[in-house]
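This briefing presents the chain contacts and some local features of one structure. Please keep the sequence and the model in view while reading.

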Amino acid sequence: MAALEISGLRKRFGGVEALAGVDLSVTRDAILGIVGPNGSGKTTLFNVITGVFRPAAGRIVWEGHDIAGHPTHAIARRGLVRTFQQAMSFPALTVAENVGIAWARRRMAAPWAGPDAILDFMGLSEQSAEPAGRLPFGLLRRLGLAVALATAPRLLLLDEPGAGLNEAETAELGELILQLPGRDIGVCLIDHDMALMARLCQRLVVLDFGTKIAEGPTRAVLEDPTVIDVYLGHRP
Amino acid sequence: MRQAFAAAALAAALSAFGASGGHAEDVIKIGVVAAESGSFVSAGNTIPAAERLATKEINDAGGVKIGGKTYKIQLEVRDDRTSIDTAIAAARELVNDVGVQAIFGTESHDFSIAMTKITGPAKVLQFTGNSTLGQFLTKEAVARGGANHYVFQTEPQEFQRSGSTAKGVLALLTPLMAQPPKHSVVFVANDVAGRYLSSHYVRALEANGQKVDLVYYPPDTQDFTALLTRIKGMKPDIVHFWYNGDETLVAHPQAVQLDVAPAYFLFGVDPGVWRERKLTSGAPLTLSCVPMCWGAPPTKAAAAYFDRYFGMGATKGVQSSVSLLYYDYLHWYVKALEAVGRLDDPDAVVDWLLKSKYQGVVSAAPLVFNDRHQVTFATEVCLVKPNTSGQFKCAVEEPPAAPPPGDPGN
Amino acid sequence: MSGRVSGRVASAAFLLLLVALPWISPSYRFLSIAISTGTVAITLYGLAVLFGQAGLMSVGHAALMGVGAYSAAILALRLGIGFWGALPCAMLTAALAAGLIGLPSLRVSGHHFVIITYAFCTLLTIVLTNGGDATGGASGLDLDPVGRLFGVNFDSVRNYYLLVLAALLAAMLATDLIARSGYGRTLRAIRENEALARAVGINTALHKLGAFMLSGAFAGLAGVLQAYYLRHISPGLYGGLPSLYIAMSVMLGGARVLYGPLAGAVIVNFLPEVLSIDPVDSRMAYGAGLVLVILLLPGGVIASLADLGAWAAALARRTAGRWTQLAQGR
Amino acid sequence: MDAAAMAILLQQLVNSLAISAIIIMIGIGITLVFGLTGIINFAQGELLMLGGVATWLLVGRAGVNFFAALVAAAVIVGAVGFLLERSIFRFTLRRPMNGFIISLGLSVFLQHFVIRFWNSYQKSIPDPVGGVWQVGSIRIAAVRVMVVAVTAAAVGFTFFAISRSRHGLALRAAVADQDTARLMGIPVARYVTAVFVYGSALAGLGGALMIALFPITPFVGQDVVVGGFAVALIGGLGNVAGAVVAGLILGFADGLSAGYGLPEWTEAYSFALMILILLVRPQGLLGGTEGPAIV
C-alpha cells in the first residue's frame, strides 16, 4: 500500500483551477519525480498536501490517516515534511541551532544519531557555529535539506532542490538525495532539471494545467509523445 | 575590598540627592505636593503659589512663636509631575527624609488618597482640596486612631457646594428667562470628579424643583456636537456644564452654534477668564468658580488676596481661584501650632483645629471643620450681562443645612 | 580574565550593590523611585520575551499591568484574599488577558495588528471607568498594606524595595532561562522565519500565544506589586500613554540583552526622577534617543555597550599582544 | 418618528459629516504611507498637531488670514514630513517595524518639543468663518461646512492624483509590488518620499481645520492618531478609497452612538468596531495590502 494516497485533489485560486482533480500515490522505497511546465500546479500540490492551503475537494491519506486540511505543523509531526523553492533558514540562528530546532521536534526514530551526524552527512560541519544568514547560497540550499532531515521525516517533499545551483553543486546534492531511500526516507521531488530528474527518479509524474497527464517509469514517461508535446509546444 | 569600595563610592554619589542638610536656626518644615508640570499643571501650580504667599506673610509677620522660641516656616515644594509614582515618592521624601509637620496638596483625587496612606501612619497632617475626598472621610476613618485622622478636606461637603450653586444659578437665571425653568440637563465629564460632583448637583437641582437629566461625555472630547444635539432633543431650559473649565470652554460655543438651550451655566469658568478672552453670550449665562472668582471677587478681602496672589507672579488661569482652597489653611495651621505650643504633638493640633474657628479669605463666615474634617462655605455664582464680556452680577448663596433627599451627604 | 568570567563578576557585583542599596542610601525618595522603576522593569522583561524572543510587538502592556492590579484589588475587596494569595491569581488573569490581546496577531500576519494592543488599553480604561461598584468606577479602588509574612514587615519601604528587587531578579532570571532554553530558541525560530518553523513541525500559533501569555504573567506580577505599593489604583494609570512609554523603554534598553530592559527602565523612569530633570526635557531626550538608538544601535543601548566593551577588550588584548611582541624584540 | 425627532436625526447626520472630515484627513496619510512602505507612522497625530499649532502661530501671533495660514500649515508640515523621511524613515524601509518604533519616539519628542516652546495650555483661534447656517431646523456652523468642503476638495484631489495622473499610476504600481515597479523603471524611493510629504501635508491641513473648529493642546495628536489608524485599518491599509469610506462609517458610528447609544461608551464603540473588523477581515473592508512583501 503506498505511504501517500491522493485522490481527486482540487484547488482553485479565483478563476484559475490550480489543481483539477489530481490522483497520486507515493511509495517510500522509490524516488518519485513530478515535472511539468511553469504554473502546472506542482508547488500548489506540495502546498495543499502539507496544509499551507486547504484543498477545495479530494482526499489526502498519509499512512492511513486523511490529513486534508490539517495544519502544517501537525502534518510535519507525522513525518511528511517539505523543503521550499527559495532557500529558507533561520538567519540569526547558527547552522547547528537551525538543525537543532528541527531535531527537537522529531517524533520518530531518525537514521542519524544527532544534529552533528546530519551536518556531517550534508557536509556542513565546519559551518555549524556560523549564523545561517551568512551562508553562501549553495550551502544555504543544503542547510534547507539538513533542517528537513532533522525532523526525521518518513517522506520528504523536495521543491526544486537544485534551483540556483551550479552543475557541481547539483550533482553533489543529487548524490545525497539518492542515499535517502536507503536510510528509510521516501523522497518525492519537483524540479525542472531533467538530467537531475532522470538520474534520481525511478518514477515520474507529469502535471499540466493542474491535471496529471502522464505517470510511469522515468525512461518511458520522458519518451511519451504527449509529454514532449506539452514541454516543446504542439508540433504542427 | 570590593564591597567597601562600592559602598563608599555610591554613598558619596547618593548623598547629593538624599536628605537635604538641616538649617542652623529653628524652622518648621511644611510640605507641598502639587503638579508643577504635566497635564494637571493648570490646577497644580496654584497650590505652591498660595502657600508661598502664606509663608511669606507668616515669616514677615515675625514667624511662629512656640514654647518661647520663634520659628520660620520653611516650605518644601515637590512637583508630582502629574504622575502617581512621583507623588508617592515626593510624599515619602517629605514625611521620612525631610520630616515635615504637615503637607498641602495634591490637585488630583487619586494622588491625594494614595498620599493619605503615607501621611496617616506618620501622623503628618494633610490638607487636601479635592471634594471627592468626602467618600473616604467617614466618621470612623477620621476618628482618633482611624486611617484618616490627620486628613482635612479644605472644600465644603459636596451637597453644600452643589446646594448653594444650584440655588445661585436658578436665582440669577430665572428673572431673565421667558418662563421659569423646569427642566435642567447636567452635562459632565465621565471621570471620578465628574461622577461624584454630578451625583450631588443633580439632587440639589431636584431639591430646587427641577426635572433633571444627566449626560456624561468621555474625557478629552473635542467634538461635542453629537451629545449636544441629543441634549437639544430633550428640550432643556438650562444646560449645566460641569466641571473642567477648559473642556467647558470648548463645549459651550458648540452648544450656542446648535442653539441647544435658552440658558446656560458654566461651572469652573472664572469671570476673569471670560473677560480676558473677550467672550460674549446672547443667551442668559451664569459662571461659577471654586470657591470664589478672581475675575469678580465678592469681598474686599478676596480682592486684596488676589492682588497679592497675582502680585507674587502666579499666572492668571482658569483655575487660579483653586489657590483659595489652600491659602487660609496654612495660617490656620500655624495658629494651631502656637495654641498647642509643641511641635511633637499632632493629635493635640488636630483636636485644637476641630474646636477652633478661623476667619479666612475664602468665606465671609469664619471657617469651621465639622466632625468629618470638612469645612463649610458658600459658593459664588455670577451672571454675565448678555452680550457683554466684562459685566457680571455675582451672588453668594448660603449652603443648605442638611443634604437633600437621596443625597448621602458626604 | 576572559570576557565571560569578568562579565559574571561585574554582574554579581552590580546585583550585590542593588541588594545593599537600602543600607547604603536610606533616602526614602530614592527607594520609592527605585520601587516604581523596579515594578515597571518587571513588565519590560515580559515584553523582552515577547518582542526580543518571539518578535511580537505590543503597545498594550500597561493595560495588562492594570488587569493584574485590578484582579488583586477586587480579590482583596470581594474575597479578602491578601497580597500573597492574589499574586498567582493576578498573574493568571493578566496572562489570559494577554492571550486575548495576542489572538488577533495570529490572524493578522502583518505587524499592523500592534494597533489593536493600543486600542485594548483604551477599551480597558473605559470598561474600568464604567465598571460601577465592581471596579470602583472612575475613582478606583483602595488596597490594604501587604502586612507581615514570616515575621518580615513589608510595610517598611526598605523591605518592600527588597520584595520588588527579588521579583525583578526572578523576572531577569526567568527571561535568561527562557532565552537559553529550547523554548526560547523555538520562539526565535518563529521570529526569524514562521513558514519554515511551521514546516518543521512547530505549532507557531500556540507558541506566539504562549509568548503573549508569558509576558502577560510578568505584567500581572508587576501590576500587583505596583498596586500594593501605591495602595490606590484608578483606570487612568493603565491607558495608552503608559503603554507607549513601556514599549519605548524596552526598545531603548534593548530587548534581547539581559540588562537591556533594566537599562530602559532606568533611562526612562529612574534617572529623570532622581536627577529631577524637567519631565518635558527628559521626554524630549528619550524620544529623540529612541530614534537614534534604533537607527544607529539597533540592538539597544546595552547591546551596543556590550559590543563596545567587547570591541574595547579585543582592542586592549591586541595592543597588549603587540606590546609583548615589541618587548620581546620581534 | 415625528418631525422633531427627524430634525434631530438629520442634525446628527450633519454633525457626523464634520467628525469624519478630520479623521479621514489623518487616515489617508497613514494608509498612503503604510501602503507603500509598510511603516505604521504613529507620529502622524503629532504632524496634525503641528499643523494646528502652526496655524495658531500664524493667525494668532502673526495675524495672517486663516486660509493663507491653512495653506502655509500644509506646506510647513509637508516640509517636516520631507525632513523626517529623508533623515530617518528612509533607513527603515527594509524593516518597517523599526519605522513604527521610531515613530513612537518621534511622537513623544514632537509633543514635548511643542510644549517646551509654546507650553501645554489650550490654543485656539477666532472662528475664521463665523455664523451659523440654518436649513429648516438643522443648524450647522459655517466653519464646519468649510471644513467638510476643504476635506472633500483634498480627498477629491487625492483621488484624481492617484487614479488619473501618471504619477498616480506609478504609485499604485509601487504599492502593488515594489520590485516589479523598480524593474519597470519607477523610482520607488522618490515615491516613498512623495508619499511621506503628501501624507504630512494632509495631516497639516487636518490640524489647521481642527483648530478652526475647537481649541487644541499639544496632546491632541495622541487622541486623534488612534482614530486615524482605525480608519486606515478598517478601510484596508494602502487603500485610499477604503480610508474615505471607513472615515465616514466611523464618523457616523461615533456621531450616532453618542446621539443614541450610551454616552459613556461612545469611544468604546469605534474601538470595538475596529478590533471586530480586523479579526473578521484582516485585510480591511475594501481590501488593502499587508504592506510590501518583505523578503
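A polar contact is a pair of N or O atoms within 3.5 Å; within protein, one atom must be able to donate a hydrogen and the other to accept it, and residues adjacent in sequence count only if both atoms are side-chain atoms. By this rule, chain A and chain C have 4 residue pairs in polar contact, both residues being at pLDDT 80 or more. The model is predicted: local features need pLDDT of at least 70 and side-chain atom pairs count only at pLDDT 80 or more, while totals for chains, interfaces and linings use all residues. Residues are numbered from 1 along each chain as its sequence is written, chains are lettered from A and ligands numbered from 1 in the order in which they are written, and side-chain values use heavy atoms, with hydrogens and water left out.

**Which chains touch**

- Contact means heavy atoms within 4.5 Å.
- There are 4 pairs of chains in contact, and chains C and D share the most contacts.
- Chain A and chain B have no contact, and their closest C-alpha atoms lie 37 Å apart.
- Chain A does not touch chain D either, the nearest C-alpha atoms of the two being 11 Å apart.

**Chain C with chain D**

- The contact involves 38 residues of chain C and 42 residues of chain D.
- The size of an interface is often given as the accessible area lost when the parts come together.
- Here buried area is the accessible area (1.4 Å probe) that two parts lose on being put together, summed over both.
- Between chain C and chain D the buried area is about 3,700 Å², and carbon and sulfur atoms give 80% of it.
- A salt bridge is a side-chain nitrogen of Lys or Arg within 4 Å of a carboxyl oxygen of Asp or Glu.
- The rule finds 2 salt bridges across the interface of chain C and chain D.
- In a salt bridge between C:Asp278 and D:Arg116, the closest N and O atoms are 3.1 Å apart.
- Polar contacts between chain C and chain D number 4 residue pairs, with both residues at pLDDT 80 or more.
- Helices (H or I, at least four residues) and strands (E, at least two) are DSSP runs, numbered from the N terminus.
- On the side of chain C that touches chain D, at least two residues come from each of α4 (83-107), α5 (114-129), α11 (240-253) and α13 (279-296) of chain C.
- Helix α13(C) gives the most to this side, with 10 residues.
- Ala, Val, Leu, Ile, Met, Phe, Trp, Tyr, Cys and Pro count as nonpolar, Asp, Glu, Lys and Arg as charged, and the others, Gly among them, as polar.
- By these classes, the side of chain C that touches chain D holds 26 nonpolar, 7 polar and 5 charged residues.

**Chain A with chain C**

- Chain A gives 18 residues to the contact and chain C gives 17.
- The area buried between chain A and chain C is about 1,600 Å², with 70% from carbon and sulfur atoms.
- A:His73, A:Phe90 and A:Arg105 supply 34% of the area that chain A buries against chain C, more than any other three residues.
- Across the interface of chain A and chain C, 0 salt bridges are found.
- Two or more residues of the side of chain A that touches chain C come from each of α2 (72-77) and α3 (95-105) of chain A.
- This side of chain A has 11 nonpolar, 4 polar and 3 charged residues.

- Over all chains, 37 salt bridges are found.
- One of them joins B:Lys56 and B:Asp60, whose closest N and O atoms are 3.2 Å apart.
- B:Lys56 and B:Asp60 are separated by about one helical turn, because they are 4 residues apart in helix α3 (residues 46-60) of chain B.

**Local backbone features**

- Most residues other than glycine have a negative phi, and most peptide bonds are trans.
- The peptide bond from B:Gly105 to B:Thr106 is cis, with omega near -10 degrees, and B:Thr106 is in the loop between β4 (102-105) and α5 (109-119) of chain B.
- A cis peptide bond, with omega near -10 degrees, also runs from B:Trp242 to B:Tyr243.
- A:Phe209 has a positive phi, near 50 degrees, and lies in the loop between β9 (203-208) and β10 (211-217) of chain A.
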